[in-house]
Amino acid sequence: MRYNHKTPVSDAQRRDNTPSVKRSLGLSAALAGILAFSAGTAQAQQCQNLVWSDEFDGSQLDTSAWDIQEGDGCQYGICGWGNNELQSYSANNLDVSNGTLKITARKERVKALNYTSGRIRTANMPASGQWTNGRFEARLKLPEGQGLWPAFWMLPTDPDVGWPMSGEIDILESTGQASMLAHGTIHYGEPWPDNSFTGAHILSQPAKWSDDFHTYAVEWTPFEMRWYVDDILYSTISSSDLEDSSWWTFENYQYHFLLNLAVGGTWGGTPDDSIFPVTMEVDYVRVYDQGQPAIDGPHIVAPNEQATYELTGEIGTDSTYTWSVPAGATLSGQGTATAQVDYTGATSGDLSVEVSNSCGTHTLNIPVFIEPDHGVETVLDDFDGNSALTYTSYTGTFDTTGGVLTYTRDGASQWDVIATTTNALPDVAPFLSGDKAFVMDINNTDPSLVGKQILVQLENTATATPDNYPTGRHSKYEAFVEHSNGAQTLRFRLADRIDGETTNTDVDSVIFLIDPDAFTSDTYVIDNIAILGAGGSTGGDGGSGDEQASSVVVSSVSTGTESAGRGQKFGTATVTIADDLGNPVSGATVTGDFSGTWSETQSATTDANGVASFITSTTASGGVTVNFCVSDITDTTLTFDSANSTGTCQ
């Protein structure tokens, strides 16, 4: 077993390049392949050029650029499309309108399959084609809902070896139940079942990536790839990172695009039929001859943390730099390509840099989420007699003498597990949004432990068994040992929302995985496993105070419009809430009704500033009227007090 989001499949199942679907490469695509960064890394004075794009501005899909793939995959020799997927692809599920491509998954039966969706590719198409090296990007809006598997990816066209030896580049993958996570991955190596992959993910909190359009890109230079969301660089992989550098065969082939929205499959999971129809929207797909500047630095930071940001991938000469930071943060390094930011006392907001040089002026931006400055709300185990956990099993050596847990990992086990049951997690929704967090103290003086991963996995014992993963697994959270200078507190962040059928109120088990997917026998000294939450003390005065909030009120409601292009506009509403002590309430669900031009009921979750944002699902033209009334607010601890709210309608 691997910590893997894809079940290994055979070469015959996965390969997407059978002779029956090959076409001759047209002139435009051949020229694009020549232009697309084949000579190596661009020099600093060379500015970026657009090689090819589809802006989806017409009224139908350009079938000279895109090959529409249909059916269940069997006609290509990959039944279930190589991943046990549950949909039949159809041209009827593709629509180009209002400036976007819409790929819609529906609950409708086709032969033995209960769902339909869409899948397109550029392989051997005369008006698009395939490329080697360059920047490959799409601006799109992810769908949300259990059982979906959207992807923007690349495969080699006409390779002389099968998958995965010929390689696969996943620019973006996500799942509908975990649309706060975007993944970038490469596949390579030996034939199945000894195939390999390497990748990373990027988390969005408190909002999800699916809440809006974002640009997902990979920049591919010889023997290196870099993944981006918007202006954030979040992963870099080179041939030297592979166990065997000869597995890097990406430079041997030209690669084409694929866009698809799968239903179910080995990663999507069991679909929730109530979500259909559901759509992935694509604003554009573009190929550039080289990369563009981005920011390398954290977009999620702990309260009072210090962070460094570096402009990377810069092109052009004679640059000037102007940085700005969120309110309350302190900046040093103004005027340089590297900035240091102290977030002590700061609030969440945008970090940006304006770069002006011989290639023009560009403004790069990162929305920075500062995690709530909460204290300990619940002690899960301090190993001094205070514990909300019942230990049911453990793989390694478990020793609690001396008021700490001294745990030696079992070197013979690839997955070392400490299993517990608990009633301390009645609703785990705040962990998904980042409003609550697990923490753990580690006392480490062993340099070999630095960088080692520890996972906290939440499960439902009624449905999870040792051999039925992912059933019953709600979510997992990760932290990494930071140093070997002694005591440190690890704060865990969401790494996956696994089984959407396991609800936020189903969790009764906490599983700890120590250095997963390894065969090590290291010793960890662990203490003070706890939950940070709004009910805890931040430690400033040794307590949370005598006065406690009891209700939540509406502070303000505002409405407006947002352009959808071509004279169309969406209706918008913004609701700000607070508790009865005046503090913003995050993670609450606000429900309300649009009226006037629109008639819709919507719900949204408040961010760290107590703000919930709404946008209508349809557009209108001309003079519009936008009204919005709050009908309910649901919070885990506070009740909605409409009588004392400062107006619930606008």
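A disulfide here is a pair of cysteine sulfur atoms within 2.5 Å. In general terms, a disulfide is a covalent bond between the sulfur atoms of two cysteines. The structure you see holds 3 disulfides.

Before the details, two remarks on the source. This is a predicted model, in which local features need pLDDT of at least 70, side-chain atom pairs count only at pLDDT 80 or more, and totals for chains, interfaces and linings use all residues. Residues are numbered from 1 along each chain as its sequence is written, and side-chain values use heavy atoms, with hydrogens and water left out.

Now the overall picture. The protein has 4 helices and 45 strands; these are DSSP runs numbered from the N terminus, with helices being H or I of at least four residues and strands being E of at least two. The radius of gyration is 25 Å, close to the 26 Å that the globule rule gives for 650 residues, so the protein is as compact as a globular protein of that length. That radius is taken over C-alpha atoms, and the rule is 2.2 Å times the number of residues to the power 0.38. Along the principal axes, the C-alpha atoms fill a box of roughly 75 × 70 × 60 Å.

How much of the protein is buried? Buried residues make up 52% of the 650. Buried means under 20% relative accessible area, exposed means over 50%, and partly exposed is in between, using a 1.4 Å probe and protein chains only. As for contacts (heavy atoms within 4.5 Å), take those with a separation of 6 or more: residues 24 or more positions apart account for 69% of them.

Back to the cysteines. Which cysteine is joined to C47? The partner is C359, with an S to S distance of 1.9 Å. C47 sits in the loop between α2 (27-35) and β1 (50-54), and C359 in the loop between β24 (349-357) and β25, so this pair ties together parts that are 312 residues apart in sequence. The torsion about the S-S bond of C47 and C359 is about -90°, so that disulfide is left-handed. C47 is partly exposed at 28% relative accessible area, while C359 counts as buried at 18%.

The next disulfide joins C74 to C79, S to S 2.0 Å. The torsion about the S-S bond of C74 and C79 is about 130°, so this disulfide is right-handed. C74 is partly exposed at 35%, and C79 is partly exposed at 43%.

That leaves C629 and C649, whose sulfur atoms are 2.0 Å apart. C629 is in strand β44 (residues 626-634) and C649 in the segment after β45 (639-640), 20 residues apart. The torsion for C629 and C649 is about 120°, so the disulfide is right-handed. C629 counts as partly exposed at 26%, and C649 is partly exposed at 46%. With the bonded cysteines numbered in sequence order, the pairing reads 1-4, 2-3, 5-6.

One of those strands, β24, also belongs to a sheet. The order in this open sheet of 4 strands is β19-β25-β24-β21, with mixed pairing. At the edges are β19 (300-301) and β21 (320-324), each pairing on one side only. Two strands pair if DSSP finds at least two bridges between them. β19 and β25 (residues 360-370) run parallel and are joined by 2 bridges; the bridge partner of I300 in β25 is F369.

Next, the aromatic rings. There are 25 aromatic pairs, where rings of Phe, Tyr and Trp (its six-membered ring) pair if their centres lie within 6.5 Å; planes under 30 degrees apart count as stacked, over 60 as edge-to-face and the rest as tilted. One aromatic cluster includes W52, W131, F152 and W248.

Two rings also have a charge over them (NZ of Lys or CZ of Arg within 6 Å of the ring centre and within 35 degrees of the ring normal). K107 has its charged end over the ring of Y115, 5.5 Å from the centre. R286 lies over the face of Y284, 3.5 Å from the ring centre.

Last, A138, which is found in strand β8 (residues 134-141). Is A138 buried or exposed? A138 is buried, at 0% relative accessible area. Leaving aside neighbours within four places in sequence, A138 is in contact with residues including F152 and Y284. F152 is part of the aromatic cluster, and Y284 is the ring under R286.
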